[in-house]
Each structure stands twice: as structure tokens, then as C-alpha cells.
Amino acid sequence: MNTNSATNLGKQNHKCVKWDSHEEKTRITERVWEALCGKRIKQPAALAVLFVLMFIGGCFFVKANQAKEFEKKDYGVFLNADASSLERFKMYETIVIDAQYFTKRDIELLHQNGTVVYTYLNIGSIENFREYYTTYAELAIGAYEHWEEEEWVDVANPDWQKFIGQLSQELYEKGVDGFFIDNCDVYDYDPHESIFEGITAILQNMMTFGKTVIINGGDTYVAEYRERYGAIDQIMTGVNQESVWSSIDFDNGTFREQTSETRDYFCKYLETCKADGVEVYLLEYTTNQKLIQKIKEYCKEQDFHFYISSSLELR
């Protein structure tokens with residue numbers, strides 16, 4: 001085929017239709033209505049009806065797009081965010097924030113938007129940027145690998161348990177919907193009976209608030225508690241696990257896919273927790289689109305919540 005002819009043909013097919021006369025336009029409008037309704041109708045009425053149909057269709061299209069645009073995301077974790085992100089948080093059904101840096105009014109505003117707010121609470125390590133660090137620094141029991149600003153803390157110490165109880169009360173009074181408990185892995189670091197009992201005392205006290213209690217990680221402790229008592233509903237209502245499908249290369253500052261052995265272990269752990277009646281959440285770190293799709297499919301199949309972050313900062 002001649003390429004010039006093909007080009008010209010394409011141009012001809014996209015020419016705008018021109019009416020030869022008002023009468024022809026009228027006849028075509030009437031025929032369109034006849035094709036739609038099976039009977040003839042004169043041009044003024046036909047135009048009016050078509051206009052109404054087009055208006056209704058346009059309104060439906062706009063509303064459908066607005067609904068899609070404002071559809072909330074299920075879950076997000078923003079531990080390094082502050083009140084300047086309140087507007088962004090409205091995009092989520094459930095969020096985890098560090099409520100020590102938010103006011104009661106901030107949380108009320110999020111509730112008005114229908115957002116569920118859980119607060120981060122670190123019970124198993126002490127961070128040097130917290131205002132209470134110097135008061136409890138002497139309770140540190142070891143360095144925290146990859147996190148220079150943290151040290152593992154002696155959760156068996158009565159003063160630490162009392163402090164965590166007071167802090168959780170303050171957060172409760174701000175109106176949070178629950179607690180996102182971090183670093184029960186201190187029992188993995190120091191698997192002594194006193195540490196196990198210390199964690200248990202803190203968690204059981206937390207449960208008395210009648211709020212959601214999500215343990216982040218802590219699989220060694222949770223498995224031991226289940227082994228001893230047969231159930232885990234006395235210490236938690238949910239579990240969040242980081243890096244089930246993804247992993248962090250701290251040496252190079254990059255993300256990669258988790259090993260199949262570790263992934264399978266955590267999947268089995270989370271599915272067991274789900275069978276125990278707790279909600280399951282995943283927090284993954286990756287920008288790999290193929291891996292992201294795998295995570296989404298797995299969580300949909302298991303009815304798990306998930307948040308995928310492109311950064312460790314969790315802002």
C-alpha cells in the first residue's frame with residue numbers, strides 16, 4: 001500500500017462532520033432518537049431529551065471519578081510524621097503515628113474524618129531522642145544493631161514498667177484507638193524469664209484500656225506465650241510484621257526481596273496469629289513493582305492489611 005494514501009485515508013476518517021442544512025441536522029437528530037427509542041419524535045423535543053441524557057451521564061461520570069479520587073487507603077504507618085501531615089492522613093482508614101508528638105485536638109480532627117488512630121509505643125528499647133532518655137538510660141542492657149539511637153531496655157525493672165503504664169495512660173487520654181507496641185523482640189535479645197514476665201506485665205496492663213493492642217514483630221515472645229498458655233488474646237488483638245516479603249540491606253542502604261525461608265516462616269507465623277483471632281498487618285519496604293504485586297495478592301488472599309513504604313523514614 002502506498003504510505004501517502006494510507007496517511008490521507010487516516011486524515012479523511014477523522015474529519016469533523018459538517019451539516020449541509022438545518023433540515024438535515026433535524027432529520028439526523030430525529031433518527032438518533034428513533035434508533036434509541038423505537039419511535040419518532042420531532043427535533044425540539046428530541047434535542048431536549050438528548051440534552052437531559054447527556055447532563056445525567058456527565059454528572060454520573062464526575063461523581064464516579066470523585067469517588068475513585070477520594071477512596072481511602074486501608075492502612076499507613078507514619079512514625080516520623082507530625083501534625084503538618086494531618087490533611088494527608090485523611091486518605092487512610094487506619095494509621096499508626098507517634099502520638100507523643102500530636103495533640104488531643106489533632107487526633108479529634110482525624111476521628112472527625114473517620115480515621116482510626118493507633119499510636120506507636122516502644123516498650124523494649126530506649127531511644128536517645130526521647131525527653132525521658134536520661135531518666136531511664138541506666139536501664140539499658142545492650143546495643144541495638146543497625147539503630148544507633150536505641151538500646152535494649154530492662155523491661156523487668158519495676159520503674160520502667162511503671163513509666164510505660166503512665167505513658168500509655170497519657171496516650172489513652174489523647175483519644176487514640178489503640179497501641180502499636182514495638183520491641184517485644186527484647187525477649188529474643190535476652191531470653192530470660194524476667195524479661196518474658198516483664199513484657200507480659202506491660203501488655204496485660206495495656207489490654208485493660210479496652211483498646212486495640214498490636215504487637216510489631218515479637219514473634220519469639222508471642223510463640224512462647226502461645227506455647228505456655230494456649231492462646232494470645234490476653235496480650236494482643238493484632239500483629240504487625242515488617243519485612244515478610246521484602247528485606248533491608250543496612251550495609252548498602254537498599255531494599256531487596258526477602259529469602260524464601262524467612263518469608264515462609266513469617267507467613268506461617270502470621271497465618272497462625274490470624275487463626276488465633278487477631279488482625280494481621282504487614283509493613284514492607286520496597287519499590288519493586290513485581291514484588292509489590294505479590295504482596296498485594298498475598299494480603300488479599302489472606303485478608304491481611306498492609307502498607308508498603310518506599311523509605312525507612314516512614315514519614
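## Close-up views of contacts in the model

**View 1. Asp276 is partly exposed, at a relative accessible area of 32%.** Throughout these legends, buried stands for under 20% relative accessible area, exposed for over 50%, and partly exposed for values in between (1.4 Å probe, protein chains only). This is a predicted model, in which local features need pLDDT of at least 70 and side-chain atom pairs count only at pLDDT 80 or more, while totals for chains, interfaces and linings use all residues. Residues are numbered from 1 along each chain as its sequence is written, and side-chain values use heavy atoms, with hydrogens and water left out. Asp276 and Arg226 form a salt bridge whose closest N and O atoms are 2.7 Å apart. Asp276 sits in the loop between α11 (260–275) and β12 (279–285) and Arg226 in helix α10 (residues 219–229), so this pair ties together parts 50 residues apart in sequence. A salt bridge here is a side-chain nitrogen of Lys or Arg within 4 Å of a carboxyl oxygen of Asp or Glu. Helices (H or I, at least four residues) and strands (E, at least two) are DSSP runs, numbered from the N terminus.

**View 2. Lys294 and Glu257 form a salt bridge, with their closest N and O atoms 3.5 Å apart.** This pair links distant parts of the chain: Lys294 belongs to helix α12 (residues 289–302) and Glu257 to strand β11 (residues 254–257), 37 residues apart. Lys294 is partly exposed, with a relative accessible area of 40%, and Glu257 also counts as partly exposed, at 38%.

**View 3. Glu87 and Lys90 meet through their side chains in a salt bridge, 3.3 Å from N to O.** Glu87 is exposed, with a relative accessible area of 58%, whereas Lys90 is partly exposed at 33%. The structure holds 12 salt bridges.

**View 4. A network of salt bridges links Glu193, Glu197, Glu224 and Arg228.** While you are here, have a look at the ring beside Arg228. Arg228 lies over the face of Phe196, at 3.8 Å from the ring centre. A charge sits over a ring if NZ of Lys or CZ of Arg is within 6 Å of the ring centre and within 35 degrees of the ring normal.

**View 5. One aromatic cluster is formed by Phe78, Phe89, Tyr92, Phe102 and Tyr307.**

**View 6. Phe179 and Phe209 are both buried.** Rings of Phe, Tyr and Trp (its six-membered ring) pair if their centres lie within 6.5 Å, with planes under 30 degrees apart called stacked, over 60 edge-to-face and the rest tilted. The count of aromatic pairs comes to 26. For Phe179 and Phe209, the ring centres are 5.7 Å apart and the planes stand at 40 degrees, so the pair is tilted. Phe179 lies in strand β7 (residues 178–182) and Phe209 in the loop between α9 (193–207) and β8 (212–216), so that distant parts of the chain, 30 residues apart, are linked. Tyr221 and Tyr225 form another tilted aromatic pair, 6.2 Å centre to centre with 45 degrees between the planes. Both Tyr221 and Tyr225 lie in helix α10, 4 residues apart, about one turn of the helix. Tyr221 is buried at 1% relative accessibility, and Tyr225 is buried at 4%.

**View 7. An open sheet of 8 strands runs in the order β1-β2-β3-β7-β8-β9-β12-β13, with parallel pairing.** At its edges are β1 (73–78) and β13 (305–309), each pairing on one side only. Neighbouring strands of the sheet are turned by 20 degrees against each other on average, direction ignored. Axes are lines fitted to C-alpha atoms, for helices over the stretch in contact, and angles run from 0 to 180 degrees between N-to-C directions. Two strands pair if DSSP finds at least two bridges between them. β12 and β13 pair in the parallel sense over 5 bridges, and Tyr285 stands opposite Ser309 in β13.

**View 8. Cys299 is buried, at 1% relative accessibility.** Its sulfur is 8.6 Å from the closest cysteine sulfur, that of Cys267, which is too far for a bond. Cys273 is buried too, with a relative accessible area of 0%. With a disulfide taken as a pair of cysteine sulfur atoms within 2.5 Å, the count comes to 0 disulfides.
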